[in-house]
Amino acid sequence: MKTPALPRFSKMKHVCVVVLIVLTAISSSRAVWPEKNPAEAVRNFYAWYVHEAANGSRPLEKEREQMRKFVTDRLLNRIDNIPKGSSGPDGDFFLNAREIDPEWGKNVAVANNYVGTTMSRLSVILTGRKLGDRQFDVKMLFQEGAWKIDELKFSE
């Protein structure tokens, strides 16, 4: 015996609604493109920054426009106001180290502690063979359509 058209349509409608809900859930989880993802922004920054610094370039001084793509102006101004010399910081501000392990830019592990719409907090570990690991927390702000580093706090 054939099923009447109306109940068949109703079942089909329910199936379609369930499929749409599943597709929406899957696509919304992938809707964050890498340039809109704070963890990916940190990975991209350290890949670029470590490569530049390890090759003798001084990105903070010589590549200011590129730095602005990854770092807030507020943090750059704060770095500029740090006293230089004996009372200033030892080593590189973004690595908290006197020497640079080139592997740090290739091995960047990021954990999302909190990801919001305009502010995120991440834990970062840079792994290196020569100088070991660097572990720190990063506060990111979403500015000008991109995630940017606003604060760093190194583990002691």
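**View 1. Lys69 is found in helix H4.** Helices (H or I, at least four residues) and strands (E, at least two) are DSSP runs, numbered from the N terminus. The model is a predicted one, in which local features need pLDDT of at least 70 and side-chain atom pairs count only at pLDDT 80 or more, whereas totals for chains, interfaces and linings use all residues. Residues are numbered from 1 along each chain as its sequence is written, and side-chain values use heavy atoms, with hydrogens and water left out. Lys69 counts as exposed because its relative accessibility is 52%, the term exposed standing for over 50% relative accessible area, buried for under 20% and partly exposed for what lies in between (1.4 Å probe, protein chains only). When residues up to four places away in sequence are not counted, Lys69 touches Trp147 and Lys148, a contact being heavy atoms within 4.5 Å. Lys69 and Glu144 are 75 residues apart along the chain, and their C-alpha atoms are separated by 9.2 Å.

**View 2. The protein chain as a whole has five helices and four strands.** Along the sequence these elements follow the pattern α-α-α-α-α-β-β-β-β. The chain has 156 residues, of which 34% count as buried. Among the contacts with a separation of 6 or more, 50% are between residues 24 or more positions apart. The accessible surface of the protein chain, computed by the Shrake-Rupley method with a 1.4 Å probe (for residues, only the protein chains shown count as cover), comes to about 10,400 Å², and 55% of this belongs to carbon and sulfur atoms.

**View 3. Helix H2 has a cap at its N-terminal end, formed by Asn37.** A side-chain oxygen of Asn37 lies 2.8 Å from the backbone nitrogen of Ala39. Just after H2, Gly56 takes a positive phi of about 90°. The 17 residues of H2 should span 24 Å at 1.5 Å a residue, which agrees with the 24 Å between its end C-alpha atoms; the expected span is 1.5 Å times one less than the number of residues. The buried residues of H2 include Pro38, Ala41, Val42, Trp48, Val50 and Ala53. The buried residues of this helix pack against helix H3 (59-62), helix H4 (64-70), strand E1 (108-115), strand E2 (119-126), E3 and E4.

**View 4. Ring pairs link Phe45, Tyr46, Trp48, Tyr49, Phe70, Phe93, Phe94, Phe136 and Phe154 into a cluster.** Rings of Phe, Tyr and Trp (its six-membered ring) pair if their centres lie within 6.5 Å, and planes under 30 degrees apart count as stacked, over 60 as edge-to-face and the rest as tilted. By this rule the count comes to twelve aromatic pairs. Phe45 and Tyr49 count as stacked because their ring centres are 5.1 Å apart and their planes lie at 25°. These two residues are separated by about one helical turn, because Phe45 and Tyr49 are four residues apart in helix H2 (residues 38-54), and both Phe45 and Tyr49 are buried. The pair of Phe136 and Phe154 is tilted, because the ring centres are 4.7 Å apart and the planes are at 40°. Since Phe136 lies in strand E3 (residues 134-143) and Phe154 in strand E4 (residues 146-154), this pair ties together parts that are 18 residues apart in sequence. Both Phe136 and Phe154 are buried.

**View 5. Strand E2 pairs with E1 in the antiparallel sense over seven bridges, and eight bridges join E2 to E3, also in an antiparallel run.** Two strands pair if DSSP finds at least two bridges between them. E1 and E2 form a hairpin with three residues between them, and Leu126 in E2 is the bridge partner of Val108. On the E3 side, Val124 has Phe136 as its bridge partner, and Leu122 has Val138. Ser120, Leu122, Val124 and Leu126 make up the covered face of E2, while Met119, Arg121, Ser123 and Ile125 make up its uncovered face.

**View 6. Strands E3 and E4 run antiparallel and are joined by eight bridges.** The two strands form a hairpin with two residues between them, and in the turn Glu144 has a positive phi of about 55°. Asp137 stands opposite Lys153, which belongs to E4.

Definitions and conventions:
A polar contact is a pair of N or O atoms within 3.5 Å; within protein, one must be able to donate a hydrogen and the other to accept it, and residues adjacent in sequence count only if both atoms are side-chain atoms.
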